[in-house]
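Hi,

Here is the structure I promised to pass on.

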Amino acid sequence: MRKLLSILFSSVMVAGTAHAQARVQATHSNRLIESYRAYIGDADLYNSNGARLTQPWQIIRQDRANFHQYHVRDSDDQSDSFFADPVNRQALEQMLRNGTMTREAANMIVRGNVWIDVDIYGGQGTGRWIDVSVSD
């Protein structure tokens, strides 16, 4: 009888834990906000003062500033509404730190002349991370 009660108690505990985990996942508010594709051209490799940028996040940020603020666009660059806001562009470095990008992709971005795909994640109007990949 004790063994049966022990098994029954364990089953209830496991089921309760699984139910609690399901509720946590169900209320998780981070989601894909927006995606875009952009070409990292020569103009994106330099800041507004003409200094060569050396970090991928700087180059991606400059690409979006070029696109939205300065209207310097590469052919077939896609628009996004998220980085149209200068405050969101300022958060790009931290968002990339929270996100993913391979070392190879980072090196290719710094060299330039490459297509990137950017996925922006967050919730409630706040970007939390970006995933960046290089594509053909």
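First, the ground rules. This is a predicted model, so local features need pLDDT of at least 70 and side-chain atom pairs count only at pLDDT 80 or more, while totals for chains, interfaces and linings use all residues. Residues are numbered from 1 along each chain as its sequence is written, and side-chain values use heavy atoms, with hydrogens and water left out.

The protein chain has five helices and three strands (DSSP runs numbered from the N terminus: H or I of at least four residues for helices, E of at least two for strands). Along the sequence they come in the order α-β-α-α-α-α-β-β. Of the 136 residues, 33% count as buried (under 20% relative accessible area with a 1.4 Å probe, protein chains only).

Helix H2 (56-70) is worth a look. H2 has 15 residues and spans 20 Å from first C-alpha to last, close to the 21 Å expected (1.5 Å times one less than its number of residues). Eleven of the 15 are buried, among them Trp 57, Ile 60 and Phe 67. The buried residues of H2 pack against strands E1 (31-40), E2 (114-123) and E3 (126-135), as well as H3, H4 (92-98) and H5 (103-111); contact here means heavy atoms within 4.5 Å. Just after H2, His 71 has a positive phi of about 55 degrees.

The largest nonpolar core has 20 residues, and Phe 83, Ile 116, Ile 120, Ile 130 and Val 132 have the most contacts inside it (a core is a set of buried Ala, Val, Leu, Ile, Met, Phe, Trp, Tyr and Cys joined through side-chain atoms within 4.5 Å). E2 gives the most to this core, with four residues. Ile 130 touches Phe 83, Leu 92 and Ile 120, among others, leaving aside residues up to four places away in sequence.

Finally, the largest pocket has a volume of about 190 Å³. (On a 1 Å grid over the protein atoms alone, a pocket is an open set of points where a 1.4 Å probe fits, with protein on both sides within 12 Å along at least five of seven lines; lining residues have an atom within 4 Å of a point. The volume is the space filled by probe spheres set on the points, which are joined across faces, edges and corners.) H2 supplies the largest share of the lining, seven residues, and H3 (86-90) gives at least two. Trp 57, Arg 61 and Arg 89 are among the lining residues.

Cheers

Conventions: Buried means under 20% relative accessible area, exposed over 50%, partly exposed in between (1.4 Å probe, protein chains only).
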